[in-house]
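Hi everyone, thanks for coming. Let's have a look at a structure together, and please keep your questions for the end.

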Amino acid sequence: MGIATQVSTESRGTARARDGYPLTVTRYTAAGKPWASLVMASAMGVRQEFYAPLARHFADNGIHVLTFDYRGTFASRPERMRGFPATVLTWANEDLDAMLVEADAMASSLPLAYLGHSLGGQILGVPPNNHRVRAALTVTAGSGWYRHNDRMPFQVRLFWFGAIPALTPLFGYFPGKATRMVGDLPEGVAWQWRRWCLDRDYLHSEGAVMETSFDRVRAPIRSYSFEDDSIITRAAVDDLHGRYRQAKVERRHLEPADIGARRIAHFGFFSESSRDTLWRDSVDWLRSRLQTA
């Protein structure tokens, strides 16, 4: 007779945003005795399947995980994109906020954790229920102010001063898939994101309400950034995380050689090659912050 082994499972389904909009989600049920639940929030223009290997790794290590696609993108996309109403704040206040509640409900007795990649890390400070998070990981998440990016100055200016203002009115959404820039975005998302990125304060250009919402985050945050990331620089990450005035932020800025890698950049954290380094480090950090004896 063989020995039974507990393994994680996953299921695809839907969940409702706060305003009732249906979002496509994937739930990863933890193997063994679970000790936390976690919401994984995507970068701009990245589908939730990209994060599946890491989600499974977390689940195999005892963490329930929820991933999702923001409204107007990928599996949560409407039949007609032209004029579809959504902004980045809609994603944060309606979609992400509901996912925090949904993940918490997967096992209400367990602490809630968070992992946000790029945009997903930027908007942790926004949703009304962000105070539920007990520990957060952010990966290559920094202020999007365009002058922080001194590594691709031409591409950045072409995007903000050329592509977005030229193509968004023409199509009624930003056709990023066809142009190989970010991905298709609802027009309200494209315009708000552009306005933020042209402002020194980025999303804090929304005013005092943003300071108040960021102050609700009191959970410890571990922030990863990488020297070879040409999209989000170290200065941008430091800028964003300096806005968490009530949270203890641990910054880890790494060279690829620090973990024996040739390249990490903006997406390498999520590669299977990071399993024994960054993934293990992340699980260990969450366990040290959340797991009780």
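This is a predicted model: local features need pLDDT of at least 70, side-chain atom pairs count only at pLDDT 80 or more; totals for chains, interfaces and linings use all residues.

Residues are numbered from 1 along each chain as its sequence is written, and side-chain values use heavy atoms, with hydrogens and water left out.

Let's start with helix α1, residues 52-60, and helix α9, residues 275-290. Helices here are DSSP runs of H or I with at least four residues, strands are runs of E with at least two, and both are numbered from the N terminus. The axes of α1 and α9 come within 11 Å and cross at roughly 50°. That makes α1 oblique to α9. The axes are lines fitted to C-alpha atoms, for helices over the stretch in contact, and angles run from 0 to 180 degrees between N-to-C directions. Angles under 35 degrees count as roughly parallel, over 145 as roughly antiparallel, 65 to 115 as roughly perpendicular, and the rest as oblique. The crossing of α1 and α9 is right-handed; that term applies if the near helix is turned clockwise from the far one by less than a right angle, and left-handed if anticlockwise.

Which residues of α1 and α9 meet? From α1 we have Pro 53, Leu 54, His 57 and Phe 58, and from α9 Arg 275, Trp 279, Arg 280, Ser 282, Val 283 and Leu 286. Contact means heavy atoms within 4.5 Å. By class, that contact has six nonpolar, two polar and two charged residues. Nonpolar here covers Ala, Val, Leu, Ile, Met, Phe, Trp, Tyr, Cys and Pro; Asp, Glu, Lys and Arg are charged, and the others, Gly among them, are polar.

Staying with α1, its buried residues are Ala 52, Leu 54, Ala 55, His 57, Phe 58 and Ala 59. Buried means under 20% relative accessible area, exposed over 50%, and partly exposed in between, using a 1.4 Å probe and protein chains only. The elements covering these α1 residues include strands β2 (22-29), β3 (36-41), β4 (63-68), β5 (112-117) and β6 (133-139), along with α9. After α1 comes Gly 62, with a positive phi near 95°.

On to the second pair. Helix α4 (residues 153-171) and helix α6 (residues 187-197) pack at about 160°, their axes 11 Å apart. That makes α4 roughly antiparallel to α6. This time the crossing is left-handed. On the α4 side, the contact uses Phe 159, Trp 160, Phe 161, Ile 164, Pro 165, Thr 168 and Pro 169; on the α6 side, Glu 187, Ala 190, Trp 191, Trp 193, Arg 194 and Cys 197. Sorted by class, the contact of α4 with α6 has 10 nonpolar, one polar and two charged residues.

Now for charges. A salt bridge is a side-chain nitrogen of Lys or Arg within 4 Å of a carboxyl oxygen of Asp or Glu. By this rule, there are 23 salt bridges. One joins Asp 19 and Arg 71, at 2.8 Å from N to O. Because Asp 19 lies in the loop between β1 (9-16) and β2, and Arg 71 in the loop between β4 and α2 (88-106), the pair ties together parts 52 residues apart in sequence. Asp 19 is partly exposed at 45%, while Arg 71 is buried at 4%.

Glu 94, in helix α2, touches both of these residues, as well as Ala 17, Arg 18 and Leu 89, not counting residues up to four places away in sequence. Glu 94 itself is buried, at 19% relative accessibility.

Another salt bridge pairs Arg 132 with Asp 104, their closest N and O atoms 3.0 Å apart. Finally for charges, Arg 222, Glu 250, Arg 252, Asp 281 and Arg 289 are linked in a network of salt bridges.

Which way does phi go at Val 182, positive or negative? Positive, near 70°, in a residue other than glycine. Val 182 sits in the loop between α5 (176-179) and β8 (184-186), and is partly exposed at 33%. Ala 265 also has a positive phi, about 55°. Ala 265 lies in the loop between β10 (249-254) and α9 and is buried, at 7%.

That's my tour; over to you.
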